[in-house]
Amino acid sequence: MAHSARTAVSQGDLSGTEKIVEVDVDTNHPHGDSILVENKSDFKGNETTNLSEKASEVKEHDVIDEEINQAKKIQTDLDNEIIENDGWVKILGNDQIMKKVITEGVSHTRPLRGEVCTINFKGCLKDNESVIFESIDKFTCQLGDAEVITGLDLAIPLMCKGEVSLISIAPRFGYGPKGFSPLVPADAWLLYTVELVEFEQEQELEQLSVSQRRDIGIRKRERGNWWYDRGEAALAVQCYRRALEFLDEVEGGISIPKSDDKTENAKITEEVKSLFEDRLKAYNNMAAAQLKLQAYGPALKSVEFVLKCQPKNVKALFRKGKIFAAKGDTDEALVVLREAIRLEPDNKAVIQELSKLSEKRKEEKQNEKLLYKRMFNTSASNTKENSTDSKNGFKRPLNLALLAGGLIVAVAGIMAYRYVS
């Protein structure tokens, strides 16, 4: 009778560790002790798992080494660039925006996009440093919200807390072809001295009072107006969108504190009302910027929001009329502008736009008449030809089909002219 005994065998894996595997030993086997591995499939499965884990560890180790080597290479290239350029770093890979550290800051303390920074800065002309066009201490700005010129918006995130740097900015990322009256001429290179005093995360909307939200929203809207006046419609839209986030009387959880004081309640209600009115202003201004960008759909949505709340808002009606005119819908534009002129008969901008569109509509009608005349002349000519063709044996149904096709093409041409012109 065969006797078997269960024992444990130490089995080493590829990682150099040992594991215990239970086996059956048949002591009466003719060829000596035979080891019958119990749960053989489990053993193979564990071996496969260990191989996979080992492979993953090796792969992960290689990736980490590769990243470390890449980081070292970038740092080495940066150090070489700083040496070659007398301490200047080319932020965009060219000389359009460059930074040179004057005073080192605290390592690994750089602000992120959306954080609120406090800076001291002085701006002068690069080719004449005696011309200082602005100098402000304890100025606060939110990174990425176009609250400073683009060159500074891109350079400040590369500064550490407490750092003082020189920042050279090309006209494209500064004040461009318009300059900054009266001291910055068109297409001027700028040189800023900037100190990053501190930075902090943006405060949650829920933590802001109504008056705080209104102050921030107005500041961002006014910055949008500044960009719009400079012809930077895209940056203006960006500012208006951010302003709307703060000027919403519902989203973000504005909580109106309950009070038995009627005077206090009246004050809070008035604040919310002012917040809402500023929100409508931001929508109205954004519609103008979107119209400049030829984003007619979004512009129409913006102006419709205003008119939904204030149907007699003449500025909104004027912009709605201009949107329809830009889309080629002259008749609809005239309807809207006539409503605006009814509400404000002396509004010069509306009068001018209405006069221009009225003249355009007259021209459209005259051209439509000419097209119709040509169409009917063609029809009469076709009728004459049909009579001749019938004598020559041609079939009338074919000629009628051709006539109908000509009429369709002519009508399509009129409609296309009206909306394209």
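Entry on the model. I am working with a predicted model, in which local features need pLDDT of at least 70 and side-chain atom pairs count only at pLDDT 80 or more, while totals for chains, interfaces and linings use all residues. Residues are numbered from 1 along each chain as its sequence is written, and side-chain values use heavy atoms, with hydrogens and water left out.

Entry on the strands. I looked up strand S6 (residues 116–125) and strand S7 (residues 128–142), which pair in the antiparallel sense over nine bridges. Strands here are DSSP runs of E, at least two residues, numbered from the N terminus, and two of them pair if DSSP finds at least two bridges between them. A hairpin of two residues joins S6 to S7. I found glycine 123 opposite glutamate 134 in S7.

Entry on asparagine 120. This residue is in strand S6. I list asparagine 120 as buried because its relative accessibility is 15%; buried means under 20% relative accessible area, exposed over 50% and partly exposed in between, with a 1.4 Å probe and protein chains only. Its side chain reaches the backbone nitrogen of lysine 138 at 2.7 Å. Leaving aside residues up to four places away in sequence, asparagine 120 touches Ile136, Asp137, Lys138, Thr193, Val194, Glu195 and Val197, where contact means heavy atoms within 4.5 Å.

Entry on the cysteines. I looked for disulfides (pairs of cysteine sulfur atoms within 2.5 Å) and found zero. Cysteine 160 counts as buried at 10% relative accessibility, and cysteine 239 counts as buried at 1%.

Note on methods: Helices (H or I, at least four residues) and strands (E, at least two) are DSSP runs, numbered from the N terminus. A polar contact is a pair of N or O atoms within 3.5 Å; within protein, one must be able to donate a hydrogen and the other to accept it, and residues adjacent in sequence count only if both atoms are side-chain atoms.
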